[in-house]
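The entries follow the order in which I looked things up.

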Amino acid sequence: MAKILIVDDEEKIRFVVREYGEFSGHEVAEASDGSEAVVRCREENFDLVILDIMMPKVDGFTACKELRKFSQVPVIMLSARGEEYDKLFGFELGIDDYVVKPFSPKELMARISAVLARAGGGEKKKEELVFEGLKIDIPGRNVSVDGAPAQLTPKEYDLLFFLVENRGIAMSREKLITEVWGYDYYGDDRTLDTHIKMLRANLGPYRKFIVTLRSMGYKFEA
């Protein structure tokens, strides 16, 4: 069971998500605008936030920016707009999935399960993984470089953790995009390459562990 916050100014949308969410065994809370969502996330711990874009007072993009200042909670963004620009902007802010309205409640529940699995899935390891001065705590979502916390975006965390969990294995660009961004992501390789570049920059001297496989993809090798 997960604790989910649905943020939408449309009461009927909140009602549907609550009904299906609770039927699926989740605890579902509601907020009607972005400012209320930010306040609730400061006061409570949620496992997932479903965030509409077009809302009064504070829109979804702005709310997501504020959330990312203090929380790495997974975010699924809802929007009646399906333009690529909106999707790319959302992913740059660190969202985990993007759902276009009108949507199937059953499909949304499936996406919720997939995002929750990515956020908390994988082999549960109690120990820190240590590669020279690079320390990685996957369940705790913590990374440090020579003792200092690494400042990674949510997608950089996801990308690093996936590579580390599959260390030594060559990963194609298609596989990385599918596993980290989702099966229905319609962007191109530049998004992945940009995130790899930023991730390497944040890892400092330990960027060497992320190996480029020409014309293929990447792998973590230490």
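This is a predicted model: local features need pLDDT of at least 70, side-chain atom pairs count only at pLDDT 80 or more; totals for chains, interfaces and linings use all residues.

In which hand does H2 pass H3 in their crossing? I found that H2 passes H3 in a right-handed crossing, where right-handed means that the near helix is turned clockwise from the far one by less than a right angle, and left-handed that it is turned anticlockwise. Residues are numbered from 1 along each chain as its sequence is written, and side-chain values use heavy atoms, with hydrogens and water left out.

**Entry: H2 and H3**

I looked up the geometry of this pair next. Helix H2 (residues 34-43) packs on H3 at an angle of about 20 degrees, with the axes 9 Å apart; the axes are lines fitted to C-alpha atoms, for helices over the stretch in contact, and angles run from 0 to 180 degrees between N-to-C directions. That angle makes H2 roughly parallel to H3 (under 35 degrees is roughly parallel, over 145 roughly antiparallel, 65 to 115 roughly perpendicular, and the rest oblique). Gly-34, Val-38 and Cys-41 of H2 meet Ala-63, Glu-66 and Leu-67 of H3, contact meaning heavy atoms within 4.5 Å. By class I read 4 nonpolar, 1 polar and 1 charged residue in the contact of H2 with H3, with Ala, Val, Leu, Ile, Met, Phe, Trp, Tyr, Cys and Pro counted as nonpolar, Asp, Glu, Lys and Arg as charged, and the others, Gly among them, as polar.

**Entry: H3 and H4**

Helix H3 (residues 60-67) also packs with helix H4 (residues 84-93), at an angle of about 15 degrees and with axes 10 Å apart, which makes H3 roughly parallel to H4. I noted that the crossing of H3 and H4 is left-handed. From H3 the contact takes Phe-61, Cys-64 and Lys-65, and from H4 it takes Asp-86, Phe-89, Gly-90 and Leu-93; by class, the contact of H3 with H4 has 4 nonpolar, 1 polar and 2 charged residues.

I then followed Leu-93, which is placed in helix H4 and counts as buried at 16% relative accessibility (buried is under 20% relative accessible area, exposed over 50%, and partly exposed in between, with a 1.4 Å probe and protein chains only). Setting aside neighbours within four places in sequence, I find Leu-93 in contact with Phe-61, Cys-64, Lys-65 and Arg-68. Leu-93 and Pro-154 are 61 residues apart in sequence, yet 8.7 Å apart in space, C-alpha to C-alpha.

**Entry: H6 and H7**

Helix H6 (residues 154-165) and helix H7 (residues 173-181) pack at about 125 degrees with their axes 10 Å apart, and that makes H6 oblique to H7. The crossing of H6 and H7 is right-handed. On the H6 side I listed Lys-155, Asp-158, Leu-159, Phe-162 and Leu-163, and on the H7 side Lys-175, Leu-176, Glu-179, Val-180 and Trp-181. The contact of H6 with H7 has 6 nonpolar, no polar and 4 charged residues.

Is Lys-101 buried or exposed? Lys-101 is buried, with a relative accessible area of 14%, and its place is in the loop between strand S5 (97-100) and helix H5 (105-120). Its side chain makes a polar contact with the side chain of Asp-52 at 3.3 Å; a polar contact is a pair of N or O atoms within 3.5 Å, where within protein one must be able to donate a hydrogen and the other to accept it, and residues adjacent in sequence count only if both atoms are side-chain atoms. Beyond neighbours within four places in sequence, the contacts of Lys-101 include Asp-8, Glu-10, Ile-13 and Leu-78. I also recorded that the peptide bond from Lys-101 to Pro-102 is cis, with omega near -10 degrees.

**Entry: other loops**

Ser-215, in the loop between strand S11 (210-213) and strand S12 (217-220), has a positive phi of about 65 degrees although it is not a glycine, and at 76% relative accessibility Ser-215 counts as exposed.

Conventions. Helices (H or I, at least four residues) and strands (E, at least two) are DSSP runs, numbered from the N terminus.
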